[in-house]
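Please keep the sequence and the structure in view while reading the points on strands, sheets and cores.

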Amino acid sequence: MPGDHRRIRGPEESQPPQLYAADEEEAPAARDPTRLRPVYARAGLLSQAKGSAYLKAGGTKAEGGERGGGPAGAGGEAPAALRGTALRVPPRPLRGAPTRAPRSCGEEVKLALQEALEPAVRLGRYPRAQLEVSALLLEDGGSALAAALTAAALALADAGVEMYDLVVGCGLSLAPGPAPTWLLDPTRLEEERAAAGLTVALMPVLNQVAGLLGSGEGGLTESWAEAVRLGLEGCQRLYPVLQQCLVRAARRRGAAAPP
Amino acid sequence: MAAGFKTVEPLEYYRRFLKENCRPDGRELGEFRTTTVNIGSISTAEGSALVKLGNTTVICGVKAEFAAPPTDAPDKGYVVPNVDLPPLCSSRFRSGPPGEEAQVASQFIADVIENSQIIQKEDLCISPGKLAWVLYCDLICLDYDGNILDACTFALLAALKNVQLPEVTINEETALAEVNLKKKSYLNIRTHPVATSFAVFDDTLLIVDPTGEEEHLATGTLTIVMDEEGKLCCLHKPGGSGLTGAKLQDCMSRAVTRHKEVKKLMDEVIKSIKPK
């Protein structure tokens, strides 16, 4: 980056070796379109954040953290805002695609995270407060936004912020080809070859959709509706794992607390 | 009551412990926190490592790319470290461009790499003047509880040991590189620098591996980087109280012992990794 004195300078440009690789990556294997990768979730693992969570689904690893922010500016009766949601996508080493300096993901994704998390939090209980939530994507193995969203929601719950419900995210992608099918929880390979992608966020107990972000050419409206339904089902299936994770974290906290 | 005293007079609270030659978390003055290391967890990076020093957690990912070598050194590659302290690791940091502490840490790691010659930059050159490897080493702190420099150095070393570079040949006719992703080889790590950090209390007392609170209360900090032959690679002392020559010698001997501990741990972990 020209004139970036804050970081150690490297070469002006660099290309990943994959561009010069002789062989093509193999096509993703055929699989049951409704399979969800096994998920490992753990809350309450960072000592410095008020609430934190780590989520691992197949090759995707995301970490969410919540630190009670200070009061927002003079607000009067303004309701609290879930501000400062930032999805940090660390630079080249941890993602498939190379990027320049560590970038915070585009505004669109930031806004999507914020919009998905806001309905779940009881903002009315925190007047004039600002809750800072951040998600860090450690490894992108497909459906990264969904993983980051779920980790962020778990972190909020772990921090003890009052919430109506958890927010669970699920990713989908449309495999190209003569008979396009929507695949639940795509891997990175499947995402790269997809004609369209969709991320759905659901509040499982209330059964309300908290967020929806999609792009690409999917064809008929019915196929998108089908995809959303598939995504919602995926979220419902994920929910018990996250519940257990929070219960375990609460028990751990209870056991560790001084008598 | 102890908690109240700690909040109101943290320094006095600490002094009471130091008088008995121990610290609130039960450690001795020269004892390190439990160190855990996990190598190769991130499959999208060429090499990765996660290091935990007590609560302080740092993850390092190394990604290798091609670039033209610098014009003033056509037979050298690049190693570009970057330390990131995101807001989730501690409430002191804000999101945005790297703050002062992150910049200091990045520069420290760059100095360690340069001084210790952990990798010869000539090893990274593929074709002099045309193509060389650039290793982007990104260190992200996940949890900041003091002693970030030790954790970063260790994570960097472990990740570099884990890096596997694919074989590259330059096609004579097209003058383009041809990469064979199936054949990979490890980097040639020449030295193993290990950092040991100390905090100075009241201008006299030295404690090893300070936690976040201890760093806050300290009157100075010191970091010594040693390699396996007992050679000093780097000494980082940003201001703070002065130290006598004798105290510095004590620190160096402690650093040598620490090096042995860390090297043993790392060798064990590397041996236990199943080949990919």
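In this predicted model, A:V168 has A:L202 in strand 9 of chain A as its bridge partner. Strand 9 (residues 196–203) of chain A pairs with strand 7 (residues 168–174) of chain A in the antiparallel sense, over seven bridges. As background, strands of a sheet pair through backbone hydrogen bonds, either parallel or antiparallel.

**The four-stranded sheet of chain A**

- An open sheet of four strands in chain A has the order 8-7-9-10, and its pairing is antiparallel.
- Strand 8 (182–184) and strand 10 (208–216) of chain A are the edge strands, each pairing on one side only.
- On average, neighbouring strands of this sheet are turned by 20° against each other, direction ignored.
- Helix 2 (residues 144–158) of chain A packs on the sheet and touches strand 7, strand 9 and strand 10 of chain A.
- The direction of helix 2 of chain A makes about 175° with that of strand 7 of chain A.

**Strand 6 of chain B and its partners**

- Strand 6 (residues 131–143) of chain B is largely enclosed by the rest of the structure, because 13 of its 13 residues are buried.
- Strand 3 (residues 56–67) of chain B runs antiparallel to strand 6 of chain B, and 11 bridges join the two; B:G61 stands opposite B:D138 in strand 6 of chain B.
- Strand 4 (residues 78–84) of chain B runs parallel to strand 6 of chain B, joined by seven bridges; here B:Y78 has B:V134 as its bridge partner.
- Strand 5 (residues 125–127) of chain B pairs with strand 6 of chain B in the antiparallel sense over two bridges, and B:C125 has B:A132 as its bridge partner.
- Strand 5 and strand 6 of chain B form a hairpin with three residues between them. In the turn, B:G129 has a positive phi of about 85°.

**Nonpolar cores**

- In soluble globular proteins, nonpolar side chains tend to be buried together.
- The largest nonpolar core has 68 residues, and B:L85, B:L135, B:L139, B:L160 and B:L187 have the most contacts inside it.
- Helix 4 (residues 148–162) of chain B gives the most to this core, contributing 11 residues.
- Apart from its neighbours within four places in sequence, B:L187 is in contact with B:I119, B:L124, B:L135, B:L160, B:V163 and B:L165.
- A second, separate core has 53 residues, including A:A62, A:V109, A:A227 and A:C245.

Definitions and conventions. Residues are numbered from 1 along each chain as its sequence is written. Chains are lettered from A and ligands numbered from 1 in the order in which they are written. This is a predicted model: local features need pLDDT of at least 70, side-chain atom pairs count only at pLDDT 80 or more; totals for chains, interfaces and linings use all residues. Side-chain values use heavy atoms; hydrogens and water are left out. A nonpolar core is a set of buried Ala, Val, Leu, Ile, Met, Phe, Trp, Tyr and Cys residues joined through side-chain atoms within 4.5 Å. Buried means under 20% relative accessible area, exposed over 50%, partly exposed in between (1.4 Å probe, protein chains only). Contact means heavy atoms within 4.5 Å. Two strands pair if DSSP finds at least two bridges between them. Axes are lines fitted to C-alpha atoms, for helices over the stretch in contact, and angles run from 0 to 180 degrees between N-to-C directions.
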